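Let us walk through a protein model step by step. Keep the sequence and the 3D view side by side as you read.

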Amino acid sequence: MLITQKKELSVLIINVTYKGKPCNIAVKGGKISAIYNGEIMPKERFDKIIDGEGKIIVPGLVDVHCHGCMGLESTDVEDALKEMSKYWAECGVTSWYPTGCTIPVKDIKNAFSFIPQTEGANIVGYHSEGPYICHKYKGAQDPNNIVRPNIADFDDVDNIKLITLAPEVDGAIDYIKESKALVVVGHSEATYDEAMAGFKAGAKCVTHLFNGMPSLHHRQPSILGAAYDSGAYVQIICDGMHIHPSVIRLTYKLFSSKRMILISDAIRPALLADGDYDSGGLSVTVKNGKATLKGTDTLAGATTSLYGCVQKAIEFGIKPKEAYKMASTTPSEMMGIKKGKIKKGYDAEFLLLDSEWKLKDVLILNK
């Protein structure tokens, strides 16, 4: 069940389980105002009381890399973002960064010039995956729209909060140093030294680690080695198709839940049946939930939700608390936003889970 509430109204959530103990949570102005143990109730009156019926409460999910779903795409018209926000909220995502592909710069600027108010998941900002990537590891990106980094391209678009680029391309290091958006390394053939140069210049994360980049080699550690040594965050598509479960566990051991971020990388046909679709201006085929560029075996993004990725991580052996953290707390910390924690002063976005850590209710109380 999805419950949204205007931030002007005060809410008291009672009878929920937090850190293994019963508690009550007060919300005012769309933010957590107090957390009480199960024996203490606030004396003030509230506009609404929500009974959690003993369910586990965790922060809502934050997806920093999500292109689309249900036949819609982030660079479609404004109404598409509103519709997708409803779908994602029902899947446990309470905040997200709609992500664009490598399309013409003018189209990126036009699509990301405005953030609409939504009835579902909150849109915090946008993520532009490209157009400053390399041709060799373009993946499911249109090579005709790949261009050289130019800081003037988006200097008047404050809504772009993340941008994925290849640090080895001409002009990339200067771009990273000057960018107002958080820079993510991806779709890149960077060597270890080139990737380290990008991180030293200010890049803070890797876009879908292992996908769209060279493999790890014991004498050529490339992007993965540089990410580990630099202290960068890494995004992981944990859908059971992009990365083997063993590598998911290995990455978790290397980076821990403090630096590993789960993403959906969902595309236009996400949550739909198998078939042929357009995604980012390219033809994509979905078979058994696996999306590839039509007529090839090149992966073209994912078709599941971030919640689905959390459940896969748990299935692969990561503790539920850690899996949820990597899809809420960690991306929020990377972005410097007050979400992803049940703590006074943080946004009131929650999930209620059953005893098996499965989603039951979604609470977005800061609309």
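A residue is called buried when its relative accessible area is under 20%, exposed when that area is over 50%, and partly exposed in between, using a 1.4 Å probe and protein chains only. By that rule, 57% of the 367 residues in the protein chain are buried. This is a predicted model, where local features need pLDDT of at least 70, side-chain atom pairs count only at pLDDT 80 or more, and totals for chains, interfaces and linings use all residues. Residues are numbered from 1 along each chain as its sequence is written, and side-chain values use heavy atoms, with hydrogens and water left out.

Start with the whole chain. It has 9 helices and 22 strands. Both are DSSP runs numbered from the N terminus: helices are H or I with at least four residues, strands are E with at least two. The radius of gyration is 20 Å, close to the 21 Å from the globule rule for 367 residues, so the chain is as compact as a globular protein of that length. That radius is taken over C-alpha atoms, and the rule is 2.2 Å times the number of residues to the power 0.38. The C-alpha atoms fill a box of roughly 60 × 45 × 40 Å along the principal axes.

Now look at contacts, meaning heavy atoms within 4.5 Å. Take the contacts with a separation of 6 or more: 67% of them join residues 24 or more positions apart.

Next, find helix α7, residues 306-315. Just after α7, glycine 317 takes a positive phi of about 115°.

Finally, turn to the backbone. Most residues other than glycine have a negative phi, and most peptide bonds are trans. Which residues here have a positive phi although they are not glycine? Glutamate 53 is one, with phi about 55°. It lies in the loop between β5 (48-51) and β6 (56-59), and it is exposed at 58% relative accessible area. Tryptophan 357 is another, with phi about 65°. Its loop runs between β21 (349-353) and β22 (359-364). Tryptophan 357 is partly exposed, at 22%.

One peptide bond also deserves a look. The bond from glycine 130 to proline 131 is cis, with omega near 15°. Proline 131 lies in the loop between β12 (126-129) and β13 (160-165).
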